[in-house]
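Trainee: I have a structure to read. Please take me through the terms one by one.

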Amino acid sequence: MARPWSPAPDRAGVFSTDQAAREGAKLGRMRARLRSLPLFWRVYLTNALILGLAFLALVIAPVTVSTPVAATELFLLACGLLALLAVNLLLLRPAVGPLQELAETMRRHDPLSPGARARMVGGPDVVAIAGAFNEMLDRLEAERRESARHALMAQEDERRRIARELHDEVGQTLTGVMLQVEGLSATIPDTLRPQLDELRETARHGTEELRRIARRLRPEALEELGLPSAMAALATAFSEQARIQVERRFETGLALSQEQELVVYRVAQEALTNVARHAMASRVDLRLERCQKWADLTVRDDGRGLGPEAFRSSNGIRGMRERAMLIGAQLSVGAAAGGGTEVRLRIPLERGGPR
């Protein structure tokens with residue numbers, strides 16, 4: 001029985017393929033060895049190669065330089081100089097490119113948006129500089145976060161002290177004024193009764209305003225009833241004072257720490273304050289929901305929005321960014337879909353989320 005025909009193996013083709021693979025691997029090892037050289041030696045060897053090529057060109061090439069220099073000789077020398085400069089550029093760009101990228105990363109770094117790091121690419125010198133820069137950012141962010149935590153706690157303690165003194169001292173004084181006004185109402189002449197009623201209304205309005213300021217300074221509902229109830233009270237007070245409809249949705253059972261709850265409440269409070277002052281909105285969506293390993297706070301209005309200058313210069317937005325940095329959260333402030341402004345705070349949950 002005849003065997004089926006099959007082509008004979010092309011030994012020359014197999015040999016050429018293996019040889020090409022070996023040459024490619026050898027070339028790759030040479031490139032890796034060159035990339036591992038320090039920047040000084042890479043620049044030195046590049047310039048040495050260029051000078052060697054120029055020397056060989058002068059020795060081997062049939063070019064002479066007469067006195068005075070002829071036009072054809074000047075043209076050939078200029079072409080050789082341009083060729084050497086082009087080779088020098090092609091050889092130096094890979095060595096200096098990672099260093100320029102590192103410098104650009106340093107320029108773009110925003111202290112209020114932590115987490116960005118320089119890429120560990122390039123020669124050993126560039127990698128060492130990038131690693132030292134990243135370590136410095138780690139130390140600075142850790143120190144800034146710890147300092148901000150102490151400042152926040154001190155600020156909240158001062159808020160509680162001022163709120164307590166306003167309630168106990170100034171509040172009692174205004175209450176005494178109202179009692180004195182009520183005592184005078186029976187003995188005062190009828191001609192002075194309008195002035196007395198006006199004084200009573202002024203004292204009552206001052207007492208209510210004092211209580212409102214004390215509540216903003218010290219969120220008692222947050223300490224006593226928890227974050228959802230405090231957010232609901234904040235939304236109700238905002239809707240009554242600003243005459244703006246608030247659509248709210250608060251998810252319960254979020255594993256947030258005391259610091260995280262305080263930051264969420266203060267960011268929502270500042271965002272609603274900005275809406276009342278600047279947005280000229282008629283409706284606000286206030287939501288606190290769970291999204292996988294994150295808790296998302298969203299404050300979205302249908303107002304006129306904020307310009308780029310407001311994002312850069314607003315002290316309120318800067319304060320929100322600093323509070324978000326304190327707990328490792330992500331804050332974004334931008335235009336909402338359909339118009340208006342959207343403030344979104346993404347808080348890592350304590351269980352399963354990044355810290």
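Mentor: Start with the surface. The protein chain exposes about 23,200 Å², and carbon and sulfur atoms supply 58% of that area. Such areas come from the Shrake-Rupley method with a 1.4 Å probe; for residues, only the protein chains shown count as cover. This is a predicted model, where local features need pLDDT of at least 70, side-chain atom pairs count only at pLDDT 80 or more, and totals for chains, interfaces and linings use all residues. Residues are numbered from 1 along each chain as its sequence is written, and side-chain values use heavy atoms, without hydrogens and water.

Trainee: Why does Ala 271 count as buried?

Mentor: Buried means under 20% relative accessible area (exposed is over 50%, partly exposed in between; 1.4 Å probe, protein chains only). Ala 271 has 3% relative accessibility, so it counts as buried. Of the 355 residues of the chain, 27% count as buried.

Trainee: What is Ala 271 in contact with, leaving aside its neighbours within four places in sequence?

Mentor: Val 299, Met 320 and Val 343. Contact means heavy atoms within 4.5 Å.

Trainee: Ala 271 is in helix α8. What makes α4 and α8 roughly perpendicular?

Mentor: Angles of 65 to 115 degrees count as roughly perpendicular; under 35 is roughly parallel, over 145 roughly antiparallel, the rest oblique. Helix α4 (residues 124-184) and helix α8 (residues 258-279) pack at about 70 degrees. They are therefore roughly perpendicular to each other.

Trainee: Which residues of α8 make the contact with α4?

Mentor: Glu 259, Leu 262, Val 263 and Arg 266. On α4, the contact is made by Arg 149, Leu 152, Met 153, Glu 156 and Arg 159.

Notes. Axes fitted to C-alpha atoms, helices over the stretch in contact; angles between N-to-C directions. Helix = DSSP H or I, 4+ residues; strand = E, 2+ residues; numbered from the N terminus.
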